[in-house]
Amino acid sequence: MMTIIRLMTDRDIEQVSKIENETFSMPWSKDAFREFLKRKDTIYIVAEVNNEIVGYCGLWNIVQEGNINNFAVNKQYRKKHIGFEMLTKLIEIGNEQRINAYTLEVRQSNVAAIRLYHKIGFREDGIRKNFYESPREDAIIMWYR
Ligand SMILES: CC(C)(COP(=O)(O)OP(=O)(O)OC[C@H]1O[C@@H](n2cnc3c(N)ncnc32)[C@H](O)[C@@H]1OP(=O)(O)O)[C@@H](O)C(=O)NCCC(=O)NCCS
């Protein structure tokens, strides 16, 4: 299986949105992705297998801190290290743009994502009470410096 990791373009949004809708109870709209792609202070990448988008992640650079807003891999393609590779690449591109710290929120029950973030080097640093809806849940705040 050959995985290509590259920058996201407008043409990818249809497929990205499909994964987003399948994955999250409160998915981002296509317009939200379009808006963020347009900005100069964001980095969005996708993973592609046989011309199919199988995952994506993205960040918003706020004063040299990368806020990771989106991260998902299509269910059939999970546990193949695609998520790990994408996030590593996102951070590599961020570092080239002089981002020096990365942060994200994650549901405290999301063991898979938390384990992956630990593997990359993220550390837990605080909790946002009831940050998520449907279902209501605390967010763990994580940082990688
Ligand atoms: C989180 C997510 C993106 C991970 O993508 P993935 O490609 O399946 O992850 P990888 O295969 O790169 O996993 C890397 C490491 O993370 C950990 N991990 C990943 N999935 C796991 C699982 N289901 N259970 C336990 N650990 C897991 C493992 O340590 C794994 O390393 P290993 O395979 O060497 O043990 C994917 O599970 C997903 O899309 N989840 C739903 C959306 C989501 O939760 N997004 C994050 C919101 S904050």
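**Two helix pairs in a predicted chain**

Helix α1 passes α2 in a right-handed crossing. Right-handed means that the near helix is turned clockwise from the far one by less than a right angle. This is a predicted model, so local features need pLDDT of at least 70, side-chain atom pairs count only at pLDDT 80 or more, and totals for chains, interfaces and linings use all residues. Residues are numbered from 1 along each chain as its sequence is written, and side-chain values use heavy atoms, with hydrogens and water left out.

Start with the first pair. Helix α1 covers residues 13-23 and helix α2 residues 30-38; they pack at about 125°, with axes 10 Å apart. That angle makes α1 oblique to α2. Oblique is what remains once angles under 35 degrees (roughly parallel), over 145 (roughly antiparallel) and 65 to 115 (roughly perpendicular) are taken out. From α1, the contact (heavy atoms within 4.5 Å) uses Ile13, Glu14, Val16, Ser17 and Glu20. From α2 come Lys30, Phe33, Arg34 and Leu37. These residues divide into four nonpolar, one polar and four charged.

Now the second pair. The axes of α3 (residues 82-96) and α4 (residues 111-120) come within 11 Å and cross at roughly 45°. These two helices are therefore oblique to each other. Their crossing is right-handed. Gly83, Phe84, Leu87, Thr88 and Ile91 of α3 meet Leu116, Tyr117, Lys119 and Ile120 of α4.

Step back to the whole chain. It has four helices and seven strands. Helices are DSSP runs of H or I with at least four residues, and strands are runs of E with at least two. Along the sequence, the pattern reads β-α-α-β-β-β-α-β-α-β-β.

What of the overall dimensions? The C-alpha atoms fill a box of roughly 40 × 35 × 30 Å along the principal axes. Buried residues (under 20% relative accessible area) make up 43% of the 145. Among contacts with a separation of 6 or more, 58% join residues 24 or more positions apart.

Asn50 sits between β2 (42-49) and β3 (52-62). At 70% relative accessibility, Asn50 counts as exposed; the cut-off is over 50%, with a 1.4 Å probe and protein chains only. Asn50 and Arg145 are 95 residues apart in sequence and 34 Å apart in space, C-alpha to C-alpha.

Note on methods. Axes are lines fitted to C-alpha atoms, for helices over the stretch in contact, and angles run from 0 to 180 degrees between N-to-C directions. Ala, Val, Leu, Ile, Met, Phe, Trp, Tyr, Cys and Pro count as nonpolar, Asp, Glu, Lys and Arg as charged, and the others, Gly among them, as polar.
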